[in-house]
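Try each task before reading its solution.

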Amino acid sequence: MLKMVVGVLALQGSFNEHIAALKRLGVKGVEVRKPEQLQNVSSLIIPGGESTTMAKLAELHNLFPALREFVQMGKPVWGTCAGLIFLANKATGQKTGGQELIGGLDCTVHRNFFGSQIQSFEAELPIPQIVAKEGGPPSFRAVFIRAPGILDVGPDVEVLADIPLSAIETINSNPAIQKEEESTESGKKVIVAVKQGNLLATAFHPELTADTRWHSYFLKMVPENEVGTSAIVSTPATYQSSVQRPIIDFPIYQ
């Protein structure tokens, strides 16, 4: 029986937190820094971090061709925050000169939609599709840190979570939010989690919480013929864990 091994791109960012979350589910996560290491994993997580720095390091290690091939092969890939930007076909709000993208996800992402580091926040997100597969409470407490937003998606993209702009615009003064609110109808929501085929993307950081339902959901995207049915997830997802969460002094949006 093959054992599931999940790669976590370990150039910069919260890769250790993803590996710890996988371990809580009984799944081995391994750090990936070189193209040849992708040959030894069944799926890949691209973590949050500083997307420009991650792109420069990926280019330095000649990772982009191998990452694109991994996506095109149909291997499951999950991008969180900066990882979402990497997977998008198009990104706006980038620094001068932009950054290289992996692509594959039919969407347009605004790189710093929710503002700077000091405009980080937490919010309760309804997640009906995740709850249908993983159980637990109807919402997920999501951590947004200098987060991107998904401006539009293609017809084959399934929206898994969104957040009303009106819920955050009163506190977050980022011009991107104000411009989006002014140019659209009242009640506009910005998309923050999507799935398209083998690709999963979230603008927030599930790895910074004790709730492992997003990780469990991703693991079930790995084809059974690659690892066997008993190797998909060996430990049920947790959403009220005894693991003590670090105190994060972020605004809470209801």
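Buried means under 20% relative accessible area, exposed over 50%, and partly exposed in between (1.4 Å probe, protein chains only). This is a predicted model, where local features need pLDDT of at least 70, side-chain atom pairs count only at pLDDT 80 or more, and totals for chains, interfaces and linings use all residues. Residues are numbered from 1 along each chain as its sequence is written, and side-chain values use heavy atoms, with hydrogens and water left out.

**Exercise 1.** Work out whether Phe 144 is buried or exposed, then find what it touches.

*Solution.* Start with the area: Phe 144 has a relative accessible area of 1%, so it is buried. Next, list its contacts (heavy atoms within 4.5 Å). Skipping neighbours within four places in sequence, Phe 144 meets Phe 114, Ser 120, Phe 121, Ala 123, Leu 125, Val 192, Ala 203 and Phe 204.

**Exercise 2.** Take Phe 204 and list its contacts beyond four places in sequence.

*Solution.* Phe 204 touches Thr 80, Cys 81, Leu 125, Phe 140, Ala 142, Val 143, Phe 144, Val 192, Ala 193 and Trp 214.

**Exercise 3.** Decide how Cys 107 is classed, and count the disulfides (pairs of cysteine sulfur atoms within 2.5 Å).

*Solution.* Cys 107 is buried, because its relative accessibility is 3%. As for disulfides, the structure has zero.

How values were computed:
Disulfide = S-S within 2.5 Å.
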